[in-house]
Amino acid sequence: MKIIKVENYETLSKKAAEIIAAQVAEKPASILGLATGSTPVGAYQELIRMYKRGEVDFAGVTAFNLDEYHPVKKSGDQSYDYFMKEKFFNHVNVAKTFIPNGEAADHAAECENYEKLVYESGGIDLQLLGIGNNGHIGFNEPADHFPAATHYVALDESTIKANARFFENESDVPKNAITMGIRTIFKAKKIMLLASGAGKAECIKEMVGGKITPKNPSSILQLHPDVTIIVDKDAGRLL
């Protein structure tokens with residue numbers, strides 16, 4: 001596990017964008033796993049700037065999103081489908097994009113289909129992650145086991161409260177989601193996790209040096225052979 005400490009969020013975002021751009025330069029047909037939430041937005045903005053300057057080309061790239069709320073309308077401004085288009089996909093030339101279908105009537109079939117799509121792509125070359133205050137990665141919440149494949153999950157109350165800032169009312173936050181499983185994430189050749197702000201300091205400390213347990217899903221990353229953690233000074237203050 002490689003840990004990169006930087007001064008602030010702006011530097012974190014630039015470093016993350018540089019790593020993603022380097023992956024695409026090395027392998028133009030890269031399969032990228034992408035994340036939503038506030039933390040990766042700066043990296044997406046930097047990648048858009050790099051694309052417009054001609055410094056990176058996504059024409060051969062396939063992107064898989066980690067997760068999506070369920071049920072949620074794709075066109076709704078709180079869906080991750082909408083988020084990714086607004087924050088990234090509408091501004092660059094990514095060849096293929098896949099996001100779990102939050103409108104799927106049969107969520108079990110959607111999970112199975114999404115897992116199959118990831119597998120048939122050849123697997124993810126670089127997976128971008130954020131981390132929840134309770135240690136979740138994707139929407140893999142603390143549990144009594146590590147869920148392997150893409151699955152349907154009931155969101156933890158702490159996750160609902162944390163995500164309420166994106167909604168008008170906490171009651172509007174969807175209570176369920178479709179998410180890549182731990183095995184799906186773990187099969188990525190490279191993983192990069194971003195964390196910013198003092199509120200993430202404790203979960204970063206536990207992820208890096210705590211007990212490996214499904215009660216803290218991110219702790220499993222200690223076992224992955226190629227993980228890069230980028231933290232600003234506040235998120236990394238307990239390391």
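Two strands count as paired if DSSP finds at least two bridges between them; strands (E, at least two residues) and helices (H or I, at least four) are DSSP runs, numbered from the N terminus. The model you see is predicted, so local features need pLDDT of at least 70 and side-chain atom pairs pLDDT 80 or more, while totals for chains, interfaces and linings use all residues. Residues are numbered from 1 along each chain as its sequence is written, and side-chain values use heavy atoms, leaving out hydrogens and water.

**Exercise 1. Find the partners of strand β2 and describe its two faces.**

Step 1. Start with β3 (residues 62-65): β2 (residues 31-34) runs parallel to β3, and 4 bridges join them. Here L34 stands opposite N65.

Step 2. Follow the chain from β2 to β3. The path goes through helix α2 (residues 41-52), and this β-α-β crossover is right-handed (with the strands pointing away from the viewer, the path from the first strand over the helix to the second runs clockwise).

Step 3. Now turn to β6 (residues 126-129), which is parallel to β2 and joined to it by 2 bridges. G33 stands opposite Q127 in this pair.

Step 4. Check the faces. I31 and G33 on one side, and L32 and L34 on the other, are all buried (under 20% relative accessible area with a 1.4 Å probe, protein chains only; exposed is over 50%, partly exposed in between).

**Exercise 2. Work out the strand order of the open sheet that contains β8.**

Step 1. The order of this sheet of 3 strands is β4-β8-β7, with antiparallel pairing.

Step 2. Its edge strands, β4 (67-70) and β7 (151-154), each pair on one side only.

Step 3. Look at one pair: 4 bridges link β7 with β8 (residues 176-179), and H151 stands opposite T179.

**Exercise 3. Locate A105 and decide whether A105 is buried or exposed.**

Step 1. Go to the loop between β5 (96-98) and α4 (107-120), where A105 sits.

Step 2. The relative accessible area of A105 is 85%, so A105 is exposed.

**Exercise 4. Which helix gives the most to the lining of the largest pocket?**

Step 1. Helix α5 (residues 157-163) does, with 4 residues.

Step 2. Sort the lining residues: 10 are nonpolar, 15 polar and 3 charged (Ala, Val, Leu, Ile, Met, Phe, Trp, Tyr, Cys and Pro count as nonpolar, Asp, Glu, Lys and Arg as charged, and the others, Gly among them, as polar).
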